[in-house]
Amino acid sequence: MTLLTRTEGAHAPSPVRPRRAPRLSTVPVFVFVFMVLVAGYMLLPVYWLLVSATKSQSDLVDTPGLLPAEWHLGDNLSALLTQQDGVYVRWLVNSLAYAGAGAAVGTLLAAMAGYALAVYEFKGREAVFSVILGGVLVPATALALPLFLLFAEVDATNTFWSVFLPSIVSPFGVYLSRIFAAASIPGEVVEAARIDGAGEWTIFRSIALRMMSPALVTVFLFQFVVIWNNFLLPLIMLQDERLYPVTLGLFTWQSQTSRAPEFQTLTLVGALVSVVPIVITFLLLQRYWRAGLAAGAVKS
């Protein structure tokens, strides 16, 4: 009994000591301060644009750029929408058509090409993929003049298609789609669908597109932003003001500020309005990114 009592006493649980609160490390604080400074630096031009868009032309010249003045945003928006019979609205619609339709078609083509390069085995596949990688490294400015010459040969310059067709080509989208398709689409799933009698188009449309959706959202957003901000290609291709995107239209107004100072305010307000579609697009599509991250974090 004595030995048993000693043994039980030897294995008796020790009293639980209260845990100390973790001390705040200086490294996270430094990182937080650094990120706040970087965020402030990145958002400073946006703040300046927002403040400047609320000023009248006289306040824009007389008051400091970062300090607000009397609120004239409503009057500025009214002047923007009525200038030259509402040509800014036409430019905005053109940009939505170029960027929205171009990004959608470009994403679909990139998904088809990336899926084919990842799933199908054929001679010269890696050579084709290497050429696509080479296309990623070529800057868009180097392709603008050759594209103009090609469209001039078929008398297609100064048309909607001269800006739209080059915009649907995305080598980076094909690269990203191929990488993601190879990682997210198991070969067993494709083989099982074929055994069940599904055709190749049905497999791609019903299975592959759903598995690739997070990557395709990324491709769409990249392509949308690139087309929306595209300036050099419309500058070379277009002469008709009614076909201008908003970037080229605002540039034409900015170039006239020396003889018409009111265009300076219109350019600032137009630049502020042109940011809104991009922000809305990111807000609407960010949940697909979150869904993709959550799916990748679950173990099978």
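Let's start with contact, which here means heavy atoms within 4.5 Å. What you're looking at is a predicted model, where local features need pLDDT of at least 70, side-chain atom pairs count only at pLDDT 80 or more, and totals for chains, interfaces and linings use all residues. Residues are numbered from 1 along each chain as its sequence is written, and side-chain values use heavy atoms, with hydrogens and water left out.

The protein has 15 helices and zero strands; helices (H or I, at least four residues) and strands (E, at least two) are DSSP runs, numbered from the N terminus. Of its 300 residues, 32% count as buried, meaning under 20% relative accessible area with a 1.4 Å probe and protein chains only, while exposed means over 50% and partly exposed is in between.

Now find helix 5 (residues 87-119) and helix 8 (residues 160-167). Ala97, Tyr98, Ala101, Gly102 and Val105 of helix 5 meet Phe160, Val163, Phe164 and Ser167 of helix 8. That set divides into seven nonpolar, two polar and no charged residues; Ala, Val, Leu, Ile, Met, Phe, Trp, Tyr, Cys and Pro count as nonpolar, Asp, Glu, Lys and Arg as charged, and the others, Gly among them, as polar.

Next comes helix 6 (residues 125-137), where Arg125, Phe129 and Ile132 are buried. Looking down the axis of helix 6, its buried residues fall within an arc of 55 degrees (taken from the directions from the axis to the C-beta atoms), so they line one face. The cover over them includes helix 5 and helix 9 (171-184). On the face turned away from that buried side sit the exposed Val131 and Leu137.
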